[in-house]
Amino acid sequence: MSHTKTTETTTQAARQQPEVDRRPLARQRRNRMLLQAACIVITLFMALPIYLIALSATSSRAALQEFPLSFIPDNFSLETMETFLQSTGILGGLINSVQVGIFTLLLSLIIGVPAGYAVARFAFPGRDPYQLFLLFTRALPIVVLSVPLAQLFLQTGLYDSVIAVVLLHTALALPTTILITSSVFLGVPRDVEEAARIFGCSPVQAFLKVVMPMAIPGIAAASIFTFVMSWNEVLGASILTLNQRTLPAQVLTSLAESPLAYRFAGGFLLVVPALVFIFFMRRYLTNMWGSTIR
Amino acid sequence: MAAPDAPAAARPQPRPAGPRGRPPRKKGTSAAMLLIAPSIVFMTLLFGWPMVSGILQAFGGPEGLTTANFTRMTQDPYFWSSVGNTLLLIVVMIPIQFVLALAMALLIRAKPKGSSAYFYIWAIPLAVSDLAAGLVWLTVFTDRGYLNSLLASFGLEPVSWLAYDNYASMFMAVLIAEVWRATSLVFVIVVAGLQSIPKDYEEAAGVFGAGFWDRLWHVTLPLLRPSLQTALILRTILAFQTFAVALALTGQNFPLVVGETYRWYTGLQDANVASALALVVMTVSMITAIGYLKLLKDQSEAPR
């Protein structure tokens, strides 16, 4: 009996033998768990509202009338979205929004890319004041431009047109486009451009054939940024238009007299592009903000 | 978070340094002027012209220059409450957003499992407009919305969160929606700032026995100062322009200054008073912007 007992104690001792301090390990594991928990809480705060608006927009009208509302998608229906899309001005607003976004993007690239290139590559007098001027315009509130622009557009016959909104949005996006593209061009080594010149390219050819391909990813990110800005801008678009509303302007101006289902569907349609844009931009976000704020 | 295929702009590329250590720039004044001319013409037409005519409009009346528009503006019952609401919102919201954004950025830097998915989800509101944010949170706070549904499932009485006589809960709703929407901007700027800080500093402080809070307070935050300053000013200027979130959530019950401009222009059809209000917003933004430029200047002169 006693023999077996001793072996038992020895094995026990052997098991405990290498006296390792497990506390740091436990602390590390606990910290990891706290880290995950904090991340999950924040993710819930960020994602839950988007889930809820998606849920409301894909519930039938009858389901939206119920109380308490169901938190799980057990009443999937496209009725709410269909009714919304068939409301006056929504489809037209959607088309206008896409048109305004694309034209804004193109116009701000046409004007902004050469300017960004000049800021990145040339030492010219007035370069610093020019950059200060760009920073200054970024701080101007949209509302300051919108009201006087509405009057000017009324006089020139541009009021209530896609072009009017495109002009305003381009003015808003241009400073950022110039600052981003200039930082993109700064990242393209000068040597390759000079090599192209040595091999017989004209300055324009060197730019188009060598610099542009290397700058495309950054410029694409800047373009998406411009489109998002235009898609989201609501104040100027509603002041400058009457019948040619963009989607957010249409939703805003019909807020007061529209049923809840309409507003939920509108909110969902406005949020969906954000999910897509950020998905494509997520790798560029920190770089863009890191470079543009300087 | 450093992406392998980051745009060339972000990668600091070694290049032959000029005499002053900066990349040599070409001298080509006429070419440069030709390239920036369209942008200058465009901006002058769309910023300069409207600004001048906006100022004239604000002081304009049927019989010449007048301050009557400003008198009408300040006598409107909504004006002072909109100023108060805007300032209160900014004062309460900005500290919350900065603490939250800093915490989020530090969490991401600790590289938890799935950090890129977290980053994506936390950045989504960056591309959500304030109108959409208001509508998103309307599903939560409306009388028969999800928050009251949750309360009901616990057997609690529903609350009219957005009723005009319930100022505190109305303010909370607008505040939460704005914190949700606009913290992402600060978060992304702070993440970008953290990426540019070498880890060595913190590790060195750790070796010398500094705890987490010491390292944060004495090492990380001072190094983050440029990013935090930029984010602060940018966020403040943008916060002055918030209006649709309150409109979507509360209608006219929680007026904000820019929302008042919109109401004077579209509802009351008075472009002159709307211009006067816009001028107020612009003046406040300009003062902030000048502070912004001053801070940027100080920071570039200070040793980093």
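Chain B has a mean pLDDT of 82, and 87% of its residues score at least 70; pLDDT is the predictor's confidence in each residue, from 0 to 100. This is a predicted model, in which local features need pLDDT of at least 70, side-chain atom pairs count only at pLDDT 80 or more, and totals for chains, interfaces and linings use all residues. Residues are numbered from 1 along each chain as its sequence is written, while chains are lettered from A and ligands numbered from 1 in the order in which they are written.

Staying with confidence in chain B, helix α5 (residues 130-141) is highest, at 93, and helix α12 (residues 271-301) is lowest, at a mean of 76. Helices here are DSSP runs of H or I, at least four residues, numbered from the N terminus. Over residues 1-22 of chain B, pLDDT stays under 50, and the model has 40 contacts beyond four places in sequence for them. Two residues are in contact if their C-beta atoms, placed from the backbone, lie within 7 Å. For the complex, the predictor gives an ipTM of 0.83 and a pTM of 0.83.

Next, the two chains together. How many residues of chain A are in contact with chain B? There are 93 from chain A, against 97 residues of chain B. On the chain A side, α2(A) gives the most, with 14 residues. By class, that side of chain A has 71 nonpolar, 17 polar and five charged residues. Ala, Val, Leu, Ile, Met, Phe, Trp, Tyr, Cys and Pro count as nonpolar, Asp, Glu, Lys and Arg as charged, and the others, Gly among them, as polar.

Within chain A, the domain assignment gives domain 1 (28-77) and domain 2 (88-289); such bounds come from an automatic or database assignment. Seven residues from domain 1 of chain A and seven residues from domain 2 of chain A make up the contact. On the domain 1 side, α2 (23-57) and α3 (61-65) of chain A each supply at least two residues. Here too α2(A) gives the most, with five residues.

Last, one helix in chain B. Helix α9 (residues 212-240) has 29 residues and would span 42 Å if straight, but its end C-alpha atoms are only 35 Å apart. The expected span is 1.5 Å times one less than the number of residues. Where does α9(B) bend? The bend is about 55° at Arg225(B), and Pro226(B) follows within four residues. That angle is taken between axes fitted to the seven residues ending at a residue and the seven starting there.
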